[in-house]
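Please examine the sequence and the structure shown here.

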Amino acid sequence: MSNTVDTATILELSRELDKLRKEQEGFVSEINRLHKKLQSNPELVEKSGDDLLGKLRELYQKAKELTENELSVSNTLITELDSFMLQSVHRRKDGSEQKKKRMKADSDMSRLSPAGSMRSQLELAASLKGEQVAARVTPDGAEKHEWFVVKVIHFDREAKEFEVLDEEPGDDEEGGGQRKYKLLMSRIIPFPKRNDPTSAPDYPTGRHVLAVYPGTTALYKATVVTHRKKKTDDYLLEFDDDEEDGSLPQRTVPFHKVVPLPEGHRQ
């Protein structure tokens, strides 16, 4: 991919982010206006009843949706900038075929956040139907973020929303059966391809990641203990809060069950 395409993508994402923020400002301004109106005239609540409160709720809901969209675009932009800088480093070093292979690996690994336009993001999201992905099923305001392995059933392009199935819910789940969720793009992380080790990044020793805990379908924060010597090697990880006899055991996790640690992860 050329510098021209990368730069155009960054500019496109920046414009999208600026548009979302301007829309947010409009809703926040309207929310503040209603707040001031209610503070100066509390009796309006009794006069207007549910109409005024319903309008305020609608404004908050729209502002929340814009915030979630902004987060999704911001994450994509960050990944795009990282890819652009990585590409520049490779070009300065050698400009060889190795650079092309590395860029392909980065692109395949990111899947939902590759170097590409928003249209490309939607195309890649739609292509995940039937695949297993990592999904955060807890809301943004939750005390802890819970991530599970789920199967993609459908992707709604208009809403930018996934419908996923938790095929193996825990024993404590109500009803004990499979559960479906509708989740925004920002709550989904594709796994590297099992049959393509080059799609998995080479996380260095000490890097924090999100990985499937052995024997479960839940993902937790972990630290890379040993850098992979070969593309096909598994990772040796230490999971947070996994202490045994005063130390953290080192556990082996397949490369295709390890993803980047999401920004702001709470565990």
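Predicted model: local features only at pLDDT ≥ 70, side-chain atom pairs only at ≥ 80, totals over all residues.

Residues are numbered from 1 along each chain as its sequence is written, and side-chain values use heavy atoms, with hydrogens and water left out.

**Ser199**

- Ser199 is found in the loop that runs between strand E5 (188-190) and strand E6 (208-212); strands are DSSP runs of at least two E residues, numbered from the N terminus.
- Ser199 has a relative accessible area of 0% and is therefore buried (buried means under 20%, exposed over 50%, partly exposed in between, with a 1.4 Å probe and protein chains only).
- The backbone nitrogen of Lys193 is reached by the side chain of Ser199 at 2.8 Å.

**Aromatic pairs**

- Rings of Phe, Tyr and Trp (its six-membered ring) pair if their centres lie within 6.5 Å; planes under 30 degrees apart count as stacked, over 60 as edge-to-face and the rest as tilted.
- By this rule there are four aromatic pairs.
- Phe155 and Phe162 make a tilted pair, with 4.7 Å centre to centre and 45° between the planes; both residues are buried.
- Tyr213 and Tyr220 make an edge-to-face pair, with 6.3 Å centre to centre and 90° between the planes.
- Tyr220 is partly exposed, because its relative accessible area is 35%.
- Tyr213, Tyr220 and Phe239 are linked into a cluster by ring pairs.

**Charge over a ring**

- Lys257 lies over the face of Phe191, at 4.9 Å from the ring centre (the rule requires NZ of Lys or CZ of Arg within 6 Å of the ring centre and within 35 degrees of the ring normal).

How values were computed:
Helix = DSSP H or I, 4+ residues; strand = E, 2+ residues; numbered from the N terminus. Polar contact = N/O pair within 3.5 Å; in protein donor to acceptor, adjacent residues only side chain to side chain.
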